[in-house]
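Take a look at the model first, then try each task before reading on.

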Amino acid sequence: MEWSDLKIFLAIARFGTLGAAARSLGLTQPTMGRRLRSLEASVGQTLFQRTTEGFVLTEEGAAVLAGAERIEEETLAMERILAGGSRQLGGFLRLSSSDWFGAHVLSPVLAEFSQLHPKVVVELLTDSRLLSLPRREADLVFRIQPFTEAEIISRKLIHIKYGLYIRRGAPHPRAFDGVGARLVTMDQAFGDMPDAGWLQRLLPRAEIAMRSNSRDVQATLCANGAGLAVLPRPLGDSLAAIDLVDLGEAPPGRDTWVGYHRDMKRLARLRALLDLVIERLTH
């Protein structure tokens, strides 16, 4: 069994469908199906049950999974070590961050980095998923949750202040009231975010008008009069169509952390980008 076959197997086991697995590897769905049939024929076992909801591991497939993940980890560790030994400022870097942080905080720094190091191709993924650094789903990750993995090198990068905003010219609400006010807030999956509790406490009588998991969408809705929105100050202060609301108490801010795998610490292009990000955002 070759490593390329194991990558096919692992993708299907993790994503559960041929379509999602194919997209993760940049292949077509028919190719994935053909490769899986060939793999099962070569090992003489059925590795997945085909159900209406997707692919489920058989007992034989579950046995293969443990060994495949060990081989994957060893292969990725070797790739990280080899990549970490490269000091040439060229190549590829994949970054992950939230949408608003990528658009309004990282993008200006990345543009400057591209001018300094034009041979480095940077890919920025703005996604709510927590991408895996050990599996090399990303090389450098920016997120609001601290990293707990032992093999990850991380640091608190910056504290982001938040503010309450309203469409410019609209009447401001009163603290500890909120009668007649309408809110644009996070979707229910993010209902435990600190600003949700702050809004409930400061504007208990306000009504929720709209929800979104995107701060940029919230800002656009706010600017068009849909309601008040709690936004990161770097985003809210940059928009001329909205005003900062003073209720006597600011919404809670958030810390942003940055992390990378320890095997990548000698990678020159990663080090150069991280140094520039730290210099521009913390000074």
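**Exercise 1.** Leaving aside its neighbours within four places in sequence, which residues is Thr256 in contact with?

*Solution.* Before starting, note that this is a predicted model, in which local features need pLDDT of at least 70, side-chain atom pairs count only at pLDDT 80 or more, and totals for chains, interfaces and linings use all residues. Residues are numbered from 1 along each chain as its sequence is written, and side-chain values use heavy atoms, with hydrogens and water left out.

Step 1: list the contacts, meaning heavy atoms within 4.5 Å. Setting aside neighbours within four places in sequence, Thr256 contacts Phe101, Phe142, Arg143, Ile144, Arg155, Lys156, Leu157, Ile158 and Ile160.
Step 2: check the accessibility. Thr256 has 4% relative accessibility and so counts as buried (under 20% relative accessible area; exposed is over 50%, partly exposed in between, with a 1.4 Å probe and protein chains only).

**Exercise 2.** Describe how helices α1 and α2 pack.

*Solution.* Step 1: α1 (residues 3–15) and α2 (residues 18–25) meet at about 130°, and their axes are 8 Å apart. Axes here are lines fitted to C-alpha atoms over the stretch in contact, and angles run from 0 to 180 degrees between N-to-C directions.
Step 1: this angle makes α1 oblique to α2; under 35 degrees counts as roughly parallel, over 145 as roughly antiparallel, 65 to 115 as roughly perpendicular, and the rest as oblique.
Step 2: name the residues that make the contact. From α1 come Lys7, Ile8, Ala11, Ile12 and Phe15, and from α2 come Leu18, Ala20, Ala21, Ser24 and Leu25.

**Exercise 3.** Which residues of α3 are buried, and what do they pack against?

*Solution.* Step 1: Thr31, Met32, Gly33, Leu36, Leu39 and Glu40 are buried in α3.
Step 1: the buried residues of α3 pack against α1, α2, β1 (48–51) and β2 (54–57).

**Exercise 4.** Is Glu72 buried or exposed, and what does Glu72 touch?

*Solution.* Step 1: Glu72 belongs to helix α4, residues 59–84.
Step 1: with a relative accessible area of 11%, Glu72 is buried.
Step 2: not counting residues up to four places away in sequence, Glu72 touches Trp3, Leu10, Arg14 and Arg135. The C-alpha atoms of Glu72 and Leu10 are separated by 9.0 Å, although these residues are 62 residues apart along the chain.

Conventions
Helices (H or I, at least four residues) and strands (E, at least two) are DSSP runs, numbered from the N terminus.
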